Amino acid sequence: MLKLPIYLDHNATTPMDPRVLEAMLPYFVENFGNAASRNHSFGWQAEEAVDYAREQIAQLIGADPKEIIITSGATEGDNLGIKGVFEMYATKGNHIITCTTEHKAVLDTCKHLEKLGAEVTYLEVQPDGLIDLKQLEAAMKPTTILVAIMYANNEIGVIQPVKEISAIAKKHGALFFTDAVQAVGKIPVDVNADGIDIMAFTAHKMYGPKGVGALYVRRKNPRVKVTAQIDGGGHERGMRSGTLNVPGIVGFGKAAEVARLDMAADTERISKLRDKLENALKQIDESYVNGNPAHRLPHVSNISFKYVEGEGLMMGFNKDIALSSGSACTSASLEPSYVLKALGLGDDLAHSSLRFGLGRHTTEEQIDFTIKAVTDTVLKLREMSPLWEMFKEGVDIDAIQWAHH
Amino acid sequence: MAYSDKVIDHYSNPKNVGTLDKASKSVGTGLVGAPECGDVMRLQIQVDEVTGIITDAKFKTFGCGSAIASSSLATEWLKGKSIDEAVTIDNMDLVEELNLPPVKIHCSVLAEDAIKSAINDYRVKNGLEELVFEERIH
């Protein structure tokens, strides 16, 4: 029996895996110690649990446990990684290269640093969502201290060529930072093979708890340091003070372990369902898949259904299916997704997009239901869309002088 | 954000979706909004040339649920009104009836603009003076 509503917004957050919850439970009431308490068994127990989790987390990304700095999540990781490098390497230069489709936690951090004297280059992306490596190469300067490019995009799921990007950064003596929130736990990420120096990721996107994340900071070749953004007791090798969230970290560790062990099987199953969904929805006239399909996360599909508006579209089924739209009719600015716009999509296509984010618990039955609900709603709304009628009559919609409001 | 029951009802069972012959002298057409802004409304009225009463109204809307509901409700209100009465329909009446939250007020403004634009189209076609409305910021 199909249980409603269906959750297809796994890029926003994921449900916690029951195995993760089970691992966390002893660390609330029973083993509640502070991992920094060095003089008694409560502290030792907590420290041991954190050490074990740190190993689990490190193993998922091919890192050394000492290279894992625990944070409150990826937004903090992005801030610490980028601001920390800017401060630590100030004598070396002030130039940072990033791209226009980054998460706001990266973009706004860069904007903040611009006010403090940083020079930031925002690379445009190509129509398929990937950056142009030649443009990156051309943007490198002697003062470039950091290249900050995301591993995989949250809206369209495209995977950037991180190996090539890190090689370019290295060649020019700059560090490579990546926001890998959407990639870690979903696809193989190896900090050494990928040449990553600093990487932010988070537990709740990989079936772990909210409020805990990590910043990978390379210790060898080169040894990287970031200036702490939170001062205090000198936790996490002095880079991030604050009492450790022991149950959260334990859950993060377990989530990382489960992701590592189940990744291959999960990916195979989920990508098949994603392809089924996408192939069925592509059958609808004037529907377009956004982002490079060959370099994309296995569980994401972003599709524009031209001539219908995304929020109106979601209303047709949002009591039964939870997903996201690139439209932002509710925002005061009425601006659609900046990521989709950065691909060169017209505002009309950006307003018409839906993001499907499948997950570990998505079933074929749910996908079949979704295909039908979305198809029916698109067809119904097109019947009441003046733009669809004009398109069918051969009117050039772009030639009309619209009154912008 | 949750939609009001009335918005959901108009969205699920929109009233008067359709197209009137825009070339007809007795039909006024208003096309407002822009695809880039995420909403476009086309509202049409059929007017009895003798009485000036709106005998039919149709709409098609590209937009969110509130935009669809605003235009659906507007067509219902237009039917049976004279074009002089229709011009007094205020967007805040739509807001109140549909319980639109502040972020959706622009949908009702668009519907009011569509009504006025349809009436003016009819007036111009029939040799009546085009009404001038105050510019509003929305």
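**View 1. The contact between chain A and chain B in a predicted model.** The contact is built from 26 residues of chain B and 26 residues of chain A, two residues being in contact if their C-beta atoms, placed from the backbone, lie within 7 Å. On the side of chain B that touches chain A, at least two residues each come from strand E1 (27-34), strand E2 (39-47), strand E3 (54-62) and helix H2 (65-78) of chain B, and E1(B) gives the largest share, four residues. Helices (H or I, at least four residues) and strands (E, at least two) are DSSP runs, numbered from the N terminus. The predictor assigns the complex an ipTM of 0.93 and a pTM of 0.93.

This is a predicted model, in which local features need pLDDT of at least 70 and side-chain atom pairs count only at pLDDT 80 or more, whereas totals for chains, interfaces and linings use all residues. Residues are numbered from 1 along each chain as its sequence is written, while chains are lettered from A and ligands numbered from 1 in the order in which they are written.

**View 2. Surroundings of Leu146(A).** Leaving aside neighbours within four places in sequence, Leu146(A) is in contact with Ile82(A), Val85(A), Ile96(A), Ala174(A), Leu175(A) and Phe177(A).

**View 3. Confidence in chain B.** The average pLDDT (the predictor's confidence in each residue, from 0 to 100) of chain B is 93, and 96% of the residues score at least 70. Where pLDDT is low, the predicted coordinates should not be read in detail.
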